[in-house]
Amino acid sequence: MYLINTIFYKIVPNHFHIFISTNKPPMTDKSTKGIWKVITASSLGTLIEWYDFYIFGSLAVVLSTKFFPSDNPTAAFLSTLATFAAGFVVRPFGALFFGRLGDLIGRKYTFMVTLLLMGGATFLIGCVPSYESIGFLAPLLVLLLRLLQGLALGGEYGGAATYVAEHAPKDQRGYWTSWIQTTATFGLFISLMVILATRSFLSEEAFDEWGWRVPFWISILMVIVSYFIRKKMDESPAFAKAKAEGKTSKNPLKESFGNRYNLKFILLALFGAAMGQGVVWYTGQFYAMSFLKTVMNIESSQVDGLLGIALLFATPFFVFFGWLSDKIGRKTVMMTGMLAAICLYRPIYKEMYKTADISLKTEISADKYYGTPGDSGRNHDDFKMYTDGTKWNQVKKMNPKTGKEDITTTITFGSAGKWKIIFLVFIQVIFVTMVYGPIAAFLVEMFPVKIRYTSMSLPYHVGNGIFGGLLPAVSTYLVSSAKDTGTVEFYLNGLWYPIIIGGISFVVGMIYLKTKNNTEHD
């Protein structure tokens with residue numbers, strides 16, 4: 001934290017009051033003048049931070065071969081997911097640290113620092129030498145940089161959501177803050193598109209050797225542009241007014257967590273909404289991607305493309321459900337999405353798995369390639385094609401390090417299979433839009449201006465960073481364990497985690513959350 005403090009005070013001078021503009025009156029209830037400028041500047045920076053954060057997860061399969069020992073691919077992949085999850089686990093600490101600063105000195109300058117911290121850590125991950133070059137120092141350095149990413153994101157989201165909400169009319173907060181909610185999915189979408197573009201420009205060998213680093217390096221350019229855009233923004237009118245009237249908090253942490261009344265709402269926000277929202281988000285987007293690549297063995301670039309299309313089609317629904325929550329209430333929209341996800345996950349994933357099950361398909365051709373002794377240790381390559389356009393390829397190759405045969409199976413969908421998967425992922429992302437679209441407005445409305453940044457950030461990042469962030473690793477482990485024990489439907493075992501966590505959150509939310517939107521702190 002000393003390092004982060006040093007960075008912060010280098011960028012933000014000591015006389016914090018000079019940054020708070022009191023000449024501009026707060027927006028009236030119906031005024032939306034200038035709000036698109038606010039949303040664009042906030043969203044661009046937040047989108048870049050999500051891109052930075054998720055590029056690691058999007059490249060998890062490749063990174064597992066670069067930063068971890070290659071003798072056990074499953075263990076290496078699980079280690080990569082655990083490193084990915086570590087960034088989520090520290091997000092609540094970033095929420096506390098930067099949330100406190102945001103309530104003390106303002107929203108704007110706090111999330112300018114988080115942007116630079118995230119961008120720097122992402123760029124450096126792309127510079128870390130491989131495990132073969134520096135041994136265990138490689139995963140250690142990646143873990144440390146991943147932790148810095150988590151701290152930065154812990155401070156970014158709360159600042160951006162609070163900043164936009166405090167510029168928006170109170171009866172339109174769901175609609176306007178939902179634009180910030182699109183940035184997480186767009187960040188993931190752009191990360192997938194950058195990876196696909198990089199793969200298309202490079203050969204498979206070049207991408208595997210050094211091209212995977214390019215998406216990490218690109219981040220620094222986007223961060224610099226966003227920094228200068230954010231630098232020109234004004235402070236939020238609600239915070240500026242509180243600052244001018246001397247009503248800001250002197251100790252946001254104590255007032256947020258030492259006050260039993262406020263602590264009750266923090267816990268309610270976590271267990272009644274953010275926890276369930278977190279697992280729905282990561283199931284519908286990240287676990288779906290991991291499931292397709294590692295459980296169903298679908299070709300990696302095809303998965304990225306299919307997921308990208310599903311995300312593109314579903315993203316406008318964040319704004320729709322944010323708007324709808326202004327009309328019928330945040331609770332109604334979020335709980336409906338949570339319940340739909342809990343009930344439909346198993347049928348959806350069963351259909352996904354069946355789409356790639358070659359035992360249910362009719363074979364039309366088969367071929368084998370037997371390598372020569374000097375052919376890089378390759379034994380043979382099996383290829384099959386099916387009537388629905390599905391292609392199945394299995395490569396058996398001797399690993400000189402382990403002395404064992406590595407078997408790699410890859411499935412590529414035909415047209416019918418592709419659109420079926422896009423639809424099934426799209427449905428999952430619709431669940432995401434229902435629980436995630438209104439949640440920024442929901443959290444902002446639960447807490448007073450003077451401790452809003454701190455109080456809303458913690459439940460959000462515990463729900464998403466811990467309960468949601470651990471989901472890919474936990475669910476992959478559950479699937480792997482079930483497969484080892486011979487469970488018939490082993491591929492569905494990973495869903496018990498989001499179903500149970502989401503179910504608990506749904507029950508708590510239905511019992512204790514108010515149906516009407518909270519206007520107590522307006």
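Biologist: How many helices and strands make up the secondary structure of the protein?

Modeller: The secondary structure comes to 22 helices and 4 strands, and this is a predicted model. Of the 522 residues of the protein, 55% count as buried.

Biologist: Why is glycine 305 called buried?

Modeller: Glycine 305 has a relative accessible area of 18%, and buried means under 20%, so glycine 305 is buried. This glycine sits in helix α15, which covers residues 300–314, and the buried residues of that helix also include Val303, Leu306 and Leu307. The buried residues of α15 pack against α9, α14, α16, β4 and α18.

Biologist: How do you know that the length of α15 agrees with its number of residues?

Modeller: The expected span is 1.5 Å times one less than the number of residues, and for the 15 residues of α15 this should give 21 Å.

Biologist: What makes leucine 137 partly exposed?

Modeller: The relative accessible area of leucine 137 is 45%, whereas buried requires under 20% and exposed requires over 50%, so leucine 137 falls in between and counts as partly exposed.

Biologist: Which residues touch the most other members of the largest nonpolar core?

Modeller: Tyr157, Tyr349, Met352 and Tyr436 do so, in a core of 132 residues. Helix α14, residues 260–295, gives the most to this core, with 19 residues. Leaving aside residues up to four places away in sequence, methionine 352 touches Phe291, Leu292, Met296, Ile421, Leu424, Val425 and Gln428. Apart from this core lies another, of 6 residues, among them Ile48, Tyr109, Leu115 and Tyr227.

Biologist: Why is the pair of lysine 66 and aspartate 208 called a salt bridge?

Modeller: The side chains meet at 3.3 Å, N to O, and the cut-off for a salt bridge is within 4 Å, so the pair qualifies. Lysine 66 lies in helix α3 and aspartate 208 in helix α10, so the pair ties together parts that are 142 residues apart in sequence. Lysine 66 counts as buried at 13% relative accessibility, whereas aspartate 208, at 37%, is partly exposed.

Biologist: What makes both glutamate 166 and arginine 452 count as buried?

Modeller: Glutamate 166 has a relative accessible area of 7% and arginine 452 has 4%; buried means under 20%, so each of these residues is buried. The two form a salt bridge, with their closest N and O atoms 3.2 Å apart. This pair links distant parts of the chain, with glutamate 166 in the loop between α8 and α9 and arginine 452 in helix α20, 286 residues apart.

Biologist: How do you know that glutamate 489 and arginine 346 still form a salt bridge?

Modeller: Their side chains meet at 3.9 Å, N to O, which is within the 4 Å cut-off, so the pair is counted. Glutamate 489 lies in the loop between α21 and α22 and arginine 346 in helix α17, so the pair ties together parts that are 143 residues apart in sequence. In the protein, the count comes to 13 salt bridges.

Key
Residues numbered from 1 in each chain as written. Predicted model: local features only at pLDDT ≥ 70, side-chain atom pairs only at ≥ 80, totals over all residues. Heavy atoms only, no water. Helix = DSSP H or I, 4+ residues; strand = E, 2+ residues; numbered from the N terminus. Buried < 20%, exposed > 50% of the residue type's maximum accessible area, 1.4 Å probe, protein only. Core = buried A, V, L, I, M, F, W, Y, C linked by side-chain atoms within 4.5 Å. Contact = heavy atoms within 4.5 Å.
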